[in-house]
Amino acid sequence: MSDTWSFDGWEMVVGLEVHVELATRTKLFSASPNRFGDEPNTNIDPVTLGLPGALPVLNRQAVELAMRLGLALNCRVQRSTFARKNYFYPDMPKAYQISQYDEPICVDGWLDLPDGMRVGIERAHLEEDTGKSTHVGGSGGRIHGSEHSLIDFNRAGVPLVEIVSRPDIRSPDQARAYVSELRAILVAVGASDAKMEEGSMRVDANVSVRRPGAEFGTRCEIKNLNSVRSVGRAIEYEAQRQIAMLEAGEVIRQETRHWDENDGRTHTLRSKEDADDYRYFQEPDLVVVDPDPEWIERVRAALPVLPAQRRIRLAEATGQTPDAEAVLVVTDRGQDAYVLGVAAAGGDATRALVYVKEAFAELGEHPSVPPTDLAVLTRMELDGELTATQAKQVLAELVAAGGGDARAIAAEKGFEAMDSTELESMVDDAIAAQPDAWAKFCAGEGKAMGALVGAVMKASKGQADGKAVTALLQQRRQEV
Amino acid sequence: MSDRITPEAVAKVAKLARLSLTDDELQQATHQLGDMLDHFADIDALDLAGVEPMTHPTPIANVMREDIEMDCLDRDEVLAAAPAAEDGRFRVPPIIGLED
Amino acid sequence: MSDIDHRTPPSSVADIAWNVRNNVTSAADVVEAHLAEIERREGDIHAFNLVLADDARARAGEIDDAVAVGRDPGPLAGVPIALKDNMCTRGIPTTCSSKILDGWKPPYDATVVTKLRDAGAVIVGKTNLDEFAMGSSTENSAFGATRNPHDTTRVPGGSSGGSAAAVAAGFAAAGLGSDTGGSIRQPAALCGVVGVKPTYGAVSRLGLVAFASSLDQIGPFTHDVADAALVLEAISGHDPMDSTSIAQGPLEISRQLDFGVMGLRVGRITDLPEGASPDVVERLEQAFDELRDAGAEIVDVEVPAFGYGLTAYYLIAPAEASSNLARYDGVRFGHRVEAPDTNAMYMATRTDGFGAEVKRRIMLGTYALSAGYYDAYYGRALKVRRRIADDFAAAYARADVLLTPASPTVAFHFGDKTSDPMSMYLCDTYTIPSNLTGDPAMSVPFGTGDDGLPVGIQVLAPALQEATMFRTAAELERRAP
């Protein structure tokens, strides 16, 4: 899935910076609720508004969630400090953002993509979110041409973790896979709901291009990537843009660019040369965060099994590869444990995987059909008591009823395994009825088999197992 | 007059700090800041290799609060005291030259 | 030319609280006496930005009611307090003597305000200061200077000049100030009152409008050392809402006040920076003599980095201030000057709202932190700070307390130092190191100097050794010339 991307001998080099809002009850440095969708400026307090005299106090749960996701990304949790990033913007109440700068809490980890490709994680650090501006007047809520702007500080101070990858990504597919995998991990460890559409997960991409093996090229930072799809599209576009410029003999300027979903292009936002001078310095109102080893080990021990391990486990049980589509889909839906449960109840894991992938799409983590009931169904199909078509119908009944006795349902529907002598006579009848088709089949024309199988299916009113019919026909041909 | 800081550097600093200076103020600020920096050059002679920077007077660590909600400020009271408000929010003039 | 009135109602914190708690004097009488004094002389002194006469009377009534039903209003029962106008008071203007905060009413109380109230104190007004506590004369106030009650042609010192003058003039039995580089101790010295900068973290900073967060500390002004101990005991103690607050109970000082200095090692800093005027140096020598007579051992110590404190301080404090004062942007509260776009509004608001000294320090601090200069200025200053702390730690291995002048001179005239910022900064030479190290220090009146004006001796001690520091100050007070 993550094939290397190349274009006229150029390679892209991508690093991703992902901001996620942590699933805490309150803000990073104050006790206002961290809640999406409330009335504007209702979740505010002196710290959130940056009122004179207000002081921040760190939320322990935010630290714990940052540690949790850091450990899930194989990072080292270390002694960390907070700094002030100074800049003026109306949605930044204190005119500085409190963020971990030179001493982040999590460093040096990695994330394995489903196909085994490893992306390095440079760091994951805590910081506070900004408020939200709405631009009034002008067109389409844009800054330009607006008459004034309105600020809501509900989001200001919401805890964020910024996860910075190493520039290991080489294709849009890898970038997409990275974002999906990261999202799955965040949800699995309970660190964030990671909803890109609600902005609780936001992706920036650093993109450059080079000839393979050459030094890194000048990179541009792409902002406003609001879906996994736009991550892929924007990176693809940006790499092509840079290649075109370089091939035309132009020079890439380091700059921040904005992805426009509508026109499918990136646009210059500001060049780095006139970027603000953030004047970082250590936040004097906060003290060092130095989690003791016991705390770190307690968090590590409480981590759930992560998606990558779950995929491997499911793949091994079902005889698939970890990046097989059914394995990816079922694990992503959190139904992998259910499939393993069916296998544990004596069912056939491979069939259970197929059933679950196809029949339980809407049902979320815990399909209502007891694993033992599904196990019976998989065995019936495996043992030839039911054809695949019949099994599918029984499955639909089981899902609709939330479980039941597969054998009874099959009986009710009149699905009975056909007696082999009965089937043999039907096959012989079909051969006798269509001598031309039989002759062609014997002469090696594969297509001719369809007519013969069709006749048997018709005669059996669809109850015959197609595979068994084919096998019998081939057996008869050898006997000729 | 000290050459430790130029009027251009002072102008840049004033802009970063969102302060505007008249030409006279710029000259005066350059002069005064230059004098100060001359005075502060006394530490240039110190050998500070290996000295750990001291950011806080007391070596406190791990001060954290529990993740428990407390009462918020009253929005109407806060907005009534704001320079400009509209529709439950703080109002500012168009945001130009500050795009993020 | 002293014009301090000694009236009949008790005027010390200890006496007022004892009398009110025991129903000997009413809080109402105490408050009225102080309000009358304010009425009489505030026009000459201008200690206050706001006198809270009605609030104070109402509060005094509550305290008397409590006493009447047998409830103890607390250790500061009925004590009139002057509060520096950079501490937040819910619903009451808090201006920092700056136009940019004119009219702003905080929606919450500073922790010290809550603690004062819980102790039964009565806040009589918000006192004047150098804008955002930046200055050493209170001349930088947007609302006009405060005058020294001992000589109204002279400054009261600063930045907490209003609180120092209020106590010196008898407007309040005690005052609270904030001290970032000497802003309690220097005005205390110039006004002839006791002023204490406690150990950093001993008193909560929540609700103190920040100047330089790693240096700011709130402390008391009082007429005498015992009163200062009472007020400091009432306002100190752990505050979970201030991450830099030290996790221990209130300071315990009063119990040891009368222990004397027998056997105490009092350090004389042999390499103390020069600059103190002869009258002040003479009093310092006399102080050492008196403590020796009282049984202390005078030991010579060196603090080689002492003199670099001024530079470290004037890089670190403005750097932090440049960031702390960035929030005054006209968006959420306070002053705004309208302009066509937000960036222009920022410029107009801040340019109009801040005074010259505040702008100067914001620019200096911004410069010290900016790209290309951080290492040479701010980063280097932090290392000098460490060096100073190390030197003091070494000195405290040999001495229990140290003595220096609190201010290089007695109170100076208005305008003497306003044209040359550096000359004003030199007022802080002796007080700055304690802010950099976080250690406690206090100024105690010790006789007079030139023109019969008060001289303050500074007693310095290691972190959390307030009890020893106060014992020494109490001895000096008993032996003051």
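Predicted model: local features only at pLDDT ≥ 70, side-chain atom pairs only at ≥ 80, totals over all residues.

Student: Why are H2(C) and H3(C) called roughly antiparallel to each other?

Tutor: The axes of H2(C), residues 27–45, and H3(C), residues 53–68, come within 8 Å and cross at roughly 160° (axes are lines fitted to C-alpha atoms, for helices over the stretch in contact, with angles from 0 to 180 degrees between N-to-C directions). Angles under 35 degrees count as roughly parallel, over 145 as roughly antiparallel, 65 to 115 as roughly perpendicular and the rest as oblique, and H2(C) and H3(C) are therefore roughly antiparallel. The helix names themselves come from DSSP runs numbered from the N terminus, with at least four residues (H or I) for a helix and at least two (E) for a strand.

Student: Which residues make the contact of H2(C) with H3(C), and how do they divide by class?

Tutor: H2(C) supplies Ala27(C), Ala28(C), Val31(C) and Leu35(C), and among the residues of H3(C) that take part are Ala53(C), Arg57(C), Gly61(C) and Asp64(C) (two residues are in contact if their C-beta atoms, placed from the backbone, lie within 7 Å). The contact of H2(C) with H3(C) has eight nonpolar, one polar and two charged residues (Ala, Val, Leu, Ile, Met, Phe, Trp, Tyr, Cys and Pro count as nonpolar, Asp, Glu, Lys and Arg as charged, and the others, Gly among them, as polar).

Student: At what angle do the axes of H6(A) and H8(A) cross, and how is the pair classed?

Tutor: The axes of H6(A), residues 307–318, and H8(A), residues 336–344, come within 10 Å and cross at roughly 30°, which makes H6(A) roughly parallel to H8(A). H6(A) passes H8(A) in a left-handed crossing, where Arg310(A), Arg313(A), Leu314(A) and Ala317(A) meet Asp336(A), Val339(A), Leu340(A) and Ala343(A).

**Strands and burial**

Student: How do you know that S1(A) and S11(A) pair?

Tutor: Two strands pair if DSSP finds at least two bridges between them, and S1(A) and S11(A), residues 201–210, have 10, in the antiparallel sense, with Val14(A) opposite Val207(A). S1(A) also pairs antiparallel with S10(A), residues 159–165, over five bridges, and in S10(A) the bridge partner of Val20(A) is Val161(A). S7(A), residues 118–128, joins S10(A) in the antiparallel sense over seven bridges, where Glu128(A) stands opposite Pro159(A).

Student: What makes S1(A) largely enclosed by the rest of the structure?

Tutor: Eight of the 11 residues of S1(A), residues 11–21, are buried, so S1(A) is largely enclosed (a residue is buried if 20 or more other C-beta atoms lie within 10 Å of its own, exposed if 12 or fewer, and partly exposed in between, with C-beta atoms placed from the backbone).

Student: Is Ala473(C) buried or exposed?

Tutor: Ala473(C), in H15(C), residues 466–478, has 30 other C-beta atoms within 10 Å and is therefore buried. Not counting residues up to four places away in sequence, Ala473(C) touches Val225(C), Met442(C), Val444(C) and Val459(C); its C-alpha atom is separated by 8.0 Å from that of Met442(C), 31 residues apart along the chain.

Student: Which strands stand at the edges of the open sheet that chains A and B form?

Tutor: The four strands run in the order S8(A)-S9(A)-S3(B)-S2(B) with antiparallel pairing, and S8(A) and S2(B) each have a single partner strand, so one side of each is left without a neighbour in the sheet. S2(B) and S3(B) pair over two bridges, with Glu86(B) opposite Arg89(B).

Student: How many residues of chain B are in contact with chain C?

Tutor: 44 residues of chain B are in contact with 50 residues of chain C, and the largest share of the chain B side, seven residues, comes from H2(B). By class, that side has 31 nonpolar, seven polar and six charged residues.

Conventions:
Residues numbered from 1 in each chain as written. Chains lettered and ligands numbered in written order. Left-handed = near helix turned anticlockwise from the far one by under 90°.
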